[in-house]
Amino acid sequence: MTSAVAASTEIRPFHVDVPQEQLDDLRGRINAARLPSKELVGDRSQGVQLATIQELARYWVSDYDWRKAEAKLNALPQFVTEIDGVDIHFIHIRSPHEDALPLLMTHGWPGSVIELLETIGPLTDPAAHGGNADDAFHLVLPSVPGYGFSGEPAELGWGPARTGQAWAQLMPRLGYTRYVAQGGDVGAYITDVMGRLAPAGLLAIHTNLLVTTAAAPGPVETDEEHAAAEQTKTFRTTGFGYFLEQATRPQTIGYALLDSPIGLAAWMLDHDTDSYYKIAGAFVDGKPTGNLTRDHILDNITLYWLTGTGASAARSYWETGRDQARAAAQPTPTVDLPTGFTTFPDEIFRAPRSWVEAGYPNVVYYNQADRGGHFAAWEEPEIFSAEVRAAFKSVRDGGAS
Amino acid sequence: MMSAIDTATEIRPFHVEFAREDVDDLRRRIAATRWPTEELVADRSQGVRLAALRAFASYWHDEYDFGRIEAVLNALPQFVTEIDGVDIHFVHVRSPHEDALPLLMTHGWPGSVIEQIDTVGPLTDPTALGGSAEDAFHLVLPSLPGYGFSSQPTEVGWDLARVARAWAELMRRLGYTRYVAQGGDVGAGVTDAMGRLGSQGLIGIHTNLLVPALNNPAALPADTEQEQAALAAIKTFQTTGNGYFVEQSTRPQTIGYPLLDSPVSLAAWMIDHDTDAYYKIEAAFVDGKPSGNLTREHIADNVTLYWLTGTGASAARSYWEAYGGDAPGAGQALPKEVQVPVAFTTFPGEIWRTPRSWVEVSYPNKVAYFNEVDRGGHFAAWEEPELFSAEVRAAFKSVRNGGAS
């Protein structure tokens with residue numbers, strides 16, 4: 001008999017198996033979509049363009065195959081374990097190199113583990129991807145509470161801080177006593193908090209979205225700094241609607257995201273300007289950028305649909321808002337751990353080194369990559385993986401678990 | 001044979017007639033709703049509550065009479081006329097008193113002419129309701145471009161000023177050479193613009209939302225308790241209550257997809273306006289306790305109108321035009337001064353309770369009437385049609401004395 005304690009820390013294997021009737025229902029809803037009239041502009045300034053959605057809908061029902069995504073996920077070792085009352089789904093791939101460095105990577109919104117899948121090969125088995133065995137990672141890819149196959153929190157409080165604490169329990173539960181953490185977007189908030197909490201075993205962090213600019217703004221003197229400030233302003237002025245709605249009324253937008261696949265797809269496509277045009281290009285012009293292909297985009301949207309997590313994922317923004325209000329009211333610890341950062345050129349704003357240093361006192365790695373945007377791991381898995389390797393090179397020398 | 005000019009200015013009678021299959025499709029979609037899990041809070045702070053929306057959906061599907069809109073609107077004289085390339089739908093009710101004062105009233109978002117229907121009797125025929133003939137209005141209730149039965153603009157540029165100019169043309173076309181204008185919410189923005197543009201024939205305006213206050217709240221007097229409370233209420237709205245506003249102002253097309261495709265998400269988006277109206281509407285559905293005229297059937301009328309006309313996206317675009325940074329009208333300020341006397345009524349449940357001092361700062365030397373009433377909120381005309389009508393009468397009493405058209 002399993003004791004209660006054992007049951008609650010148990011790690012169970014997980015397989016994705018979506019009933020066919022859910023796929024049929026999804027297809028029926030896409031086919032029955034009632035679309036609005038066309039936007040009145042020739043760009044994205046009124047939102048996701050009708051031609052993009054029409055082509056996405058057509059491809060979704062006629063060419064796309066969820067079962068391939070399911071097979072891809074099920075080919076990976078997936079698990080679920082309960083932490084702090086929530087079932088946490090994660091992918092766990094051990095490197096063939098026993099002494100690889102354990103790495104936990106956190107996805108963002110509107111992302112999921114789907115955006116991280118193509119980094120698994122390069123990160124866990126670099127030797128097979130033109131790299132070096134010394135660069136190998138044991139990789140842990142959890143689904144954030146309320147996202148994908150993780151459970152939805154049934155109580156308040158699951159902001160980045162609590163998720164960061166959960167991750168700090170997940171890693172020791174897997175036997176990892178020395179590890180590093182990485183994240184972009186929401187994952188960057190969680191990784192940042194982990195750095196501030198500095199749980200036992202965490203050696204260093206790397207992020208690819210600078211989340212410190214509100215609390216610790218950097219200088220605005222050089223051309224580069226002015227450009228980044230201008231980009232930040234543009235985002236806050238005209239690109240902020242989804243953020244504000246999710247941070248204040250996740251339930252209201254949640255009805256749309258659960259009931260209308262087309263509404264869900266539009267909401268998820270309407271992130272930053274760069275990724276929107278790249279995704280629109282994949283559907284309308286048949287010209288994907290890097291790994292942002294039609295199938296990969298739809299894997300992610302279909303995952304949100306089938307798990308019914310549009311509202312619960314949106315709630316994570318509401319919680320982030322509360323965490324930030326708390327953080328503003330009382331001083332938060334600095335990140336004393338070694339910190340790495342990569343600026344991808346097409347990110348919402350191109351964070352200059354000076355801004356990263358304003359946010360983090362112990363920057364051991366900073367680089368500007370040649371290609372990639374907000375969804376760097378997804379769009380450019382090879383470049384992204386090379387950055388992660390380089391970022392953690394110095395801490396790795398201390399030896400891994 | 002009609003000339004091109006005749007055709008363009010022609011006023012055609014209009015009747016509402018919904019296709020049976022559209023109503024059937026709507027009911028099917030409501031029944032097939034895929035619901036999210038329940039919010040994690042005991043108030044509206046995460047948005048429209050699941051219990052409220054479920055109660056709305058079951059009423060909508062099981063009890064609501066889908067013939068209501070046709071019955072209510074077709075009982076009134078309705079017309080369509082093309083102005084500046086858009087077919088404008090309007091209700092036009094002439095008072096039995098020939099020398100009544102012509103009054104154009106503009107609805108807001110998420111509203112429609114539905115929110116004004118119960119003011120038609122009190123405003124056009126006050127004697128039937130214990131009022132006096134000198135208070136009568138000839139009433140014109142247009143549907144904003146992109147809303148309800150007006151057509152959707154097919155080009156950018158329909159900002160508040162362009163709507164205001166269209167309304168002036170509408171009144172001219174109806175033969176009204178001296179008239180007044182009234183509005184709340186988006187309608188207040190249009191009415192304010194009419195006042196600033198000094199539309200030909202316009203002799204006074206009344207609003208029940210102080211739109212200039214949103215431009216720069218910090219510049220308003222904040223000395224008295226009342227002023228400070230109003231400022232705090234604006235701040236709350238701009239901090240936690242304006243998600244819908246920002247989304248519609250910047251990404252109307254994106255939110256337009258669910259508003260066209262999912263009836264419950266359309267309902268949720270429309271119910272999630274200000275806090276006061278939200279709780280009143282929730283109480284109507286969950287507790288069976290409507291506030292004034294904000295009854296279940298009236299709320300369902302309005303949501304159903306948006307659904308069956310398929311105007312969720314086009315109505316949202318009006319925010320992009322009026323408030324969005326990428327719109328052609330962005331940064332083009334209206335004239336600083338209003339040209340006509342201004343009247344204002346503060347309804348206590350409104351997003352913020354406007355003090356008289358703010359109205360006077362916003363419309364220097366033009367305030368002809370100010371009053372604060374004891375009931376009603378953001379949807380004042382809808383919620384309290386009698387009280388609202390009494391305010392409109394009082395507001396225009398002084399300008400009326402100059403004689404009507």
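**Exercise 1. Is Arg296(B) buried, partly exposed or exposed, and which side chain does Arg296(B) pair with?**

Keep in mind as you work that you're looking at a predicted model.

Step 1: start with accessibility. Arg296(B) has a relative accessibility of 29%. Buried would need a value under 20%, and exposed one over 50%, so Arg296(B) counts as partly exposed.

Step 2: look for the partner. The side chain of Arg296(B) forms a salt bridge with that of Glu63(B), at 3.4 Å from N to O.

Step 3: Glu63(B) sits in the loop between helix 3 (50-62) and helix 4 (68-74) of chain B, while Arg296(B) belongs to helix 14 (residues 296-309), so the pair ties together parts that are 233 residues apart in sequence.

**Exercise 2. Find what Arg68(B) pairs with, and say whether the two residues are buried or exposed.**

Step 1: check the side chains. Arg68(B) and Asp301(B) meet in a salt bridge, with 2.6 Å from N to O.

Step 2: locate them. Arg68(B) is in helix 4 of chain B and Asp301(B) is in helix 14 of chain B, so this pair ties together parts that are 233 residues apart in sequence.

Step 3: check accessibility. Both Arg68(B) and Asp301(B) are buried.

**Exercise 3. Work out which parts of chain B the salt bridge of Arg353(B) and Glu372(B) ties together.**

Step 1: confirm the contact. The N to O distance between these two side chains, Arg353(B) and Glu372(B), is 3.4 Å; the cut-off for a salt bridge is 4 Å.

Step 2: place the residues. Arg353(B) lies in the loop between strand 8 (342-346) and helix 16 (356-362) of chain B, and Glu372(B) lies in strand 9 (residues 367-372), so the parts joined here are 19 residues apart in sequence.

Step 3: Arg353(B) is partly exposed at 42%, and Glu372(B) is partly exposed at 29%.

**Exercise 4. Describe how helix 10 and helix 11 of chain B meet.**

Step 1: get the geometry. The axes of helix 10 (residues 243-250) and helix 11 (residues 252-261) of chain B come within 6 Å and cross at roughly 110°.

Step 2: name the arrangement. Angles of 65 to 115 degrees count as roughly perpendicular, so helix 10 of chain B is roughly perpendicular to helix 11 of chain B.

Step 3: list the residues. Helix 10 of chain B brings Glu247(B), Gln248(B) and Thr250(B), and helix 11 of chain B brings Pro252(B), Thr254(B) and Ile255(B). By class, that's two nonpolar, three polar and one charged residues.

**Exercise 5. How many residues does each chain put into the contact between chain B and chain A, and how many salt bridges cross the interface?**

Step 1: count residues. Chain B gives 56 residues and chain A gives 54.

Step 2: look at the area. About 4,600 Å² is buried between the two chains, with 54% of it from carbon and sulfur atoms.

Step 3: count the bridges. Two salt bridges cross the interface of chain B and chain A. Arg251(B) and Asp270(A) are joined by a salt bridge at 3.1 Å, N to O.

Definitions and conventions:
Residues numbered from 1 in each chain as written. Chains lettered and ligands numbered in written order. Predicted model: local features only at pLDDT ≥ 70, side-chain atom pairs only at ≥ 80, totals over all residues. Heavy atoms only, no water. Axes fitted to C-alpha atoms, helices over the stretch in contact; angles between N-to-C directions. Helix = DSSP H or I, 4+ residues; strand = E, 2+ residues; numbered from the N terminus. Parallel < 35°, antiparallel > 145°, perpendicular 65-115°, else oblique. Contact = heavy atoms within 4.5 Å. Nonpolar A, V, L, I, M, F, W, Y, C, P; charged D, E, K, R; others polar. Buried area = accessible area lost by both parts, 1.4 Å probe. Buried < 20%, exposed > 50% of the residue type's maximum accessible area, 1.4 Å probe, protein only.
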